[in-house]
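Welcome to this short tour.

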Amino acid sequence: MKFGVVVFPGTWSDRDCGWVVDQVLGAELTYLWHRDTDLKGCDCVILPGGFAYGDYLRTGAIARFAPVMEQIGEFADRGGLVWGICNGFQVLCEAGLLPGALIRNASLEFRCEWTNLLVERTDLPFTSQCAERDVIRVPIAHGEGSYFADPATLSRLEQRGQVVFRYCGSDGRVVPGANPNGSLHNIAGIVNARGNVLGMMPHPERCSEAELGGTDGLKLFRSVADNALKVLVS
Amino acid sequence: MSVKSVDERRLREVALTPDEYRVIVEQLKRAPNEVELGMLGVLWSEHCSYKSSKALLRRLPSTGPAVLQGPGENAGAVSIGEGWAVVFKIESHNHPSAIEPYQGAATGVGGIIRDVIAMGARPIALLDSLRFGPLPESGRHFEGVVAGIGGYGNCMGIPTVGGEIYFEDCYANNPLVNAMCVGLVRTDQLMRARAEGVGNSILLVGADTGRDGIHGASFASVELDENSSERRPAVQVGNPFLEKCLLEACMDLSHTDAVVAIQDLGAAGLTSAVAECAGRVDGAGARIDVGRVPRRERGMTPYDVMLSESQERMLVVVQRGREREVESIFHAWDLTSAVIGEVTDDGQLTVFDSRDQVARLPVRLLTDGAPMRRLVGVAPEPPLDLVVDALPPLADAGATLLRLLASPNLSSRRGVFRRYDHMVGDATVVPPGGDAAMLRVKGTRLGLAMTADCNARYCHLDPHLGAQLAVAEAARNIIATGARPIAVTDCLNLANPDRPEVYWELEETVAGLSYACRAMELPIVSGNVSLYNDSNGESAIYPTPVVGMVGVIDDYAKRVGAGFRADGDFVLLIGSSHNDLGGSEYLKVEHGYVAGRPPSLDLAREQAVNRVVLAAAQSGYLHSAHDCAEGGMLVALAECSLLGSVGVRCPAIRPESPLRLDAAFFGESPSRYVVSVPSRAMPEMQSLARRHHVELSLLGLTGGDTLEFEGQFKLSLGELRQAWEAMLS
């Protein structure tokens, strides 16, 4: 099992994701440079958080053109596991690997705080270690994390069960007060129709050790580690 | 050559006095040309030369067994064990933030990060000590500064974990923005910015050079006035993305041994960076060619290039012949680099524009030539006396507590720190909101606690005592987490020292800092002085010596938080209370004035109390610990409840004469902590307190969802939280 963590100029969660993969999970780790044209045999590619290329234009708008993204697109087409976290989610949306877009938080401010997420899919390689309708505590840290999609896309996502995580109260109720950024339908994370490309705004790599305030994020890393070898990459 | 030959207006532009010009001409035995005059002007500015404060600063203690680098480098460094050193410094960006709050604060953060990078260290945390005039009038400053700090720090991927915010009338025209950066480096990889080795190459890396920030250092060395907004070009614009790339490239430099030195380009730009680097080595000089400096715009003169304060630039001294090895590291991050000169041994800074020599000045004249100013301090009128007995008795402690919690200086800062990424790095084990923040040192069990503190109201009332109290409070914040304070960085913010009462404040401040740091064996390893924080000759700020402090805990599993953790714990007040209402928040909020003497401080007793708390933390007795500061014991108690979402029930307080009830609740006697311990630890706590001759009083028991003093008042945590979080949410 080998994780590849992508590094664009301006990425900063690369080291945190790498730390969890290598030091907490004990899995094999390699960093993928934005100019790389080969994925070095990774079983799962993580696009981590940060401000790729500064994100001065629109989040993820320049990163999608990086050479490594072409390989990641092909990898995803073949069924490989691609996991976008925070800025990585934004990049996946810009690259067309996931539908919709992340726009400015409704508060118009950056938000770094703990959120509760209702896990709505546990049949995915990313969430198999979560219980049915599990509520997990995962922090966010973003200024542009409000999920947006046109009504048709949104209803398609809902009908096909592609919403994986929703912001909720600690009791699991999906209520407006639990929504930290104005995301439509409280959406915190979605998966593509095939189930191998996940995008999420919250940071599971920040809650994989008790001393950091929680270990729910580790459930996701463990799920991937358990399943990656079972995933059929054509 | 007489002074007459140079236009006096020109001298004012470069902020040199006729006397200083005379010294320059004497030393050079000729008149300086335009470029040289500009270079001397910025380096002889107060901001760079410390000509008004240097003599005083020498009194500060700066050595200790763990100190690896004291003042004089880009930042200080202290060994923390297991081969690691902590590198840290605090710096002001007050004037730019007054004019252009967002960019002023952002570039303040950017600058202090580069100081830490220059030591070879990876920045791991940021803190910010901020002061504004009252809201809503100072909303533009407040909003812009907070957004600027977040905008830069968040983009860099360095967590902002602490700091302080105060609102006070005296900062309305002169907000204070002090940024502190903490980094980590292996002790054997600690860098120093010394231009060693004749013939070694000088590289300029990072951003291209533009016209921004010219004369920024001089601008920082005069009072603000109605024309200050015209100085907006003297405020630089930050590019955190570029700095992030610069950071990673500089970290990659540790893969090669070709690098001799790294130096930040900050105030006074290239002039200062080259002069300082050469100035640290006896007899060293440098020859540079401004024609080779990559530029952002056309038509820049050598003067512009030498004085530009464009951000995100570093100077790197590289062994001759190995330039390409180093340049390839910067190119991998798409950063520009250029060899702009070389190290010499002639003691001169010689500047060429291609083939033409445009400046040649002795390095020593630039770095140490500014005549020290001999200023005279005169104590001002003593502040308003406070006759405590004349104060009306406390009517309703509960209502007073709610008003204090809702007051600008005591309300919850959550609304601010959630706008900063305080978690990136996976190291924040005590988040902001309590006393000090703590970060773990990955790969070890070590924890690093950090804080920045100053109660400037105390300093206004008594600068000597106020400075001591700032040191003591910072130390208590560190100790409340279970860590041991190890060293200090200071940022002295004062008004115009040409006024005798301000210079007196500076003298007293330095003396107080020195006294407290010596008593507590805390070396000051880095720092910054920001003077002229007044406008139009009036509205001087309170003397504000911000104390940045770092502490170490051997095993961060033993860290202690500020919030109550469990029901049924004993809540104890460690330390003794007196009628310390002078300069208190209670006096300001409830009675509307700032008066009296600050609380008296007995450093021996302070140390005894600290030893009790540290020993209790080390033994694992403490479920929580929180320093009693502004607002006194009752505000501290309310904060413990709110942070832990656990109530507390206490028997009524009936203080013994002469202690007044208002002072028992809201007095600000130092050397006190509110702690909670499980009942089984009580005997040990009592014997610890006895052994150190420290007063220990049982306040009550944790539990429920109210804060109650039986028969005196009872408030729900909901009411308290509403009051506490209303202001900055």
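Two strands pair if DSSP finds at least two bridges between them. Helices (H or I, at least four residues) and strands (E, at least two) are DSSP runs, numbered from the N terminus. You are looking at a predicted model, in which local features need pLDDT of at least 70, side-chain atom pairs count only at pLDDT 80 or more, and totals for chains, interfaces and linings use all residues. Residues are numbered from 1 along each chain as its sequence is written, while chains are lettered from A and ligands numbered from 1 in the order in which they are written.

**Stop one: a strand and its partners**

Select residues 484–493 of chain B, which form strand β17. Of its 10 residues, 9 are buried (20 or more other C-beta atoms, placed from the backbone, within 10 Å of the residue's own), so β17(B) is largely enclosed by the rest of the structure.

To follow the chain from β17(B) to β18(B), show helix α19(B), residues 500–519.

Pick P485(B) to find its bridge partner, G551(B).

**Stop two: where the chains meet**

Finally, display both chains. The contact (C-beta atoms, placed from the backbone, within 7 Å) takes 22 residues from chain A and 21 residues from chain B.

Terms used: Two residues are in contact if their C-beta atoms, placed from the backbone, lie within 7 Å. A residue is buried if 20 or more other C-beta atoms lie within 10 Å of its own, exposed if 12 or fewer, and partly exposed in between; C-beta atoms are placed from the backbone. A crossover is right-handed if, with the strands pointing away from the viewer, the path from the first strand over the helix to the second runs clockwise.
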